[in-house]
Amino acid sequence: MPDPIRVLLVDDHALFRSGIKSLLQRHAEFEIVGEAGDGMEGVKRAGQLKPDVVLLDLHMPGLSGRDAAAMMAEESPGSHVLMLTVSEDAEDLIETLRAGACGYLLKNIEADALIAAINKAAAGESVISPQMMGKLLKGVRGELPPKTAVQTVVASELNKLSPREREILTFIARGQSNKEIARQLELAESTVKIHVQNILRKLNLTSRVQAAVFAVEQGIVQDSEG
């Protein structure tokens with residue numbers, strides 16, 4: 001049996017933390033290694049505990065979730081930070097992704113979807129609530145102030161991608177996992193993983209979210225909301 005996914009909960013609402021803890025403890029694949037009630041404590045605990053995944057609230061007293069995410073990315077690079085928030089603000093979404101979070105989930109998420117998201121994050125995948133994906137894509141197309149735009153890659157970098165890599169990039173931009181891409185293209189999941197790694201390397205990107213942003217900026221894929 002594989003080692004459990006080690007999770008740190010950071011939220012200033014003790015009752016909410018208790019609910020998430022109770023949910024995750026019903027699943028053997030998770031181990032709650034710690035809790036924190038504010039951003040600074042969360043950064044400290046992440047550095048001490050080195051969790052696989054941090055569930056991090058955005059708006060907390062003192063150090064914000066965005067700043068905490070940036071500090072965790074610097075001090076605990078092996079921990080995958082998932083924002084879990086009530087904020088549906090597109091600027092909050094983009095700023096936290098830029099700060100180093102690997103995903104952005106809304107607190108009204110269904111239990112099964114949260115479980116799946118934590119597993120994806122632990123595997124190094126990016127996860128964004130479906131209702132926020134359209135806002136992300138619109139934001140990087142310039143409908144938010146320029147200061148919120150994710151750093152772009154020179155368009156000529158696209159020429160480095162093979163036809164298959166470009167095809168997979170469109171699936172990444174739609175938020176699909178390696179398993180989903182493999183099923184649609186009738187490829188082994190391990191093959192898709194190699195293609196994704198090659199895409200990130202060739203485009204000088206560090207995450208699937210950045211790859212999705214790049215795809216939209218270059219007109220490779222359009223978001224479903226038009």
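## Close-up views of a predicted model

View 1. Lys107 sits over the face of Phe16, 4.2 Å from the ring centre; a charge counts as over a ring if NZ of Lys or CZ of Arg is within 6 Å of the ring centre and within 35 degrees of the ring normal. This is a predicted model, in which local features need pLDDT of at least 70 and side-chain atom pairs count only at pLDDT 80 or more, while totals for chains, interfaces and linings use all residues. Residues are numbered from 1 along each chain as its sequence is written, and side-chain values use heavy atoms, with hydrogens and water left out. Lys107 also meets Asp57 in a salt bridge, 3.5 Å from N to O (a side-chain nitrogen of Lys or Arg within 4 Å of a carboxyl oxygen of Asp or Glu). That pair links distant parts of the chain, 50 residues apart: Lys107 is in the loop between strand S5 (103-106) and helix H5 (111-122), and Asp57 is in the loop between strand S3 (53-56) and helix H3 (65-75). Helices (H or I, at least four residues) and strands (E, at least two) are DSSP runs, numbered from the N terminus. Is Asp57 buried or exposed? Asp57 counts as buried, at 5% relative accessibility; the classes are buried under 20% relative accessible area, exposed over 50% and partly exposed in between (1.4 Å probe, protein chains only).

View 2. Glu95 and Arg98 form a salt bridge, with their closest N and O atoms 3.5 Å apart. Because they are 3 residues apart in helix H4 (residues 90-99), about one helical turn separates them. Glu95 is buried, at 14% relative accessible area, whereas Arg98 is partly exposed at 44%.

**View 3. Helix H7 tied to helix H9.** Here the salt bridge runs between Lys202 and Glu165, whose closest N and O atoms are 2.9 Å apart. Lys202 belongs to helix H9 (residues 189-203) and Glu165 to helix H7 (residues 163-173), so this pair, 37 residues apart, links distant parts of the chain. Glu165 is buried, with a relative accessible area of 4%. Other buried residues of H7 include Ile168, Leu169 and Phe171. Just after H7, Gly175 takes a positive phi of about 80°.

**View 4. Asp92 and its surroundings.** Asp92 is in helix H4. Which residues does Asp92 touch, not counting residues up to four places away in sequence? They are Leu58, His59, Ser87 and Tyr104, where contact means heavy atoms within 4.5 Å. The side chains of Asp92 and His59 are joined by a polar contact of 3.4 Å (a pair of N or O atoms within 3.5 Å; within protein, one must be able to donate a hydrogen and the other to accept it, and residues adjacent in sequence count only if both atoms are side-chain atoms).

**View 5. The largest nonpolar core.** This core has 28 residues, and Met83 and Leu56 are among those with the most contacts inside it. H4 gives the most to this core, with 4 residues. A nonpolar core is a set of buried Ala, Val, Leu, Ile, Met, Phe, Trp, Tyr and Cys residues joined through side-chain atoms within 4.5 Å. Leaving aside residues up to four places away in sequence, Met83 touches residues including Leu56, Ala69 and Leu105.
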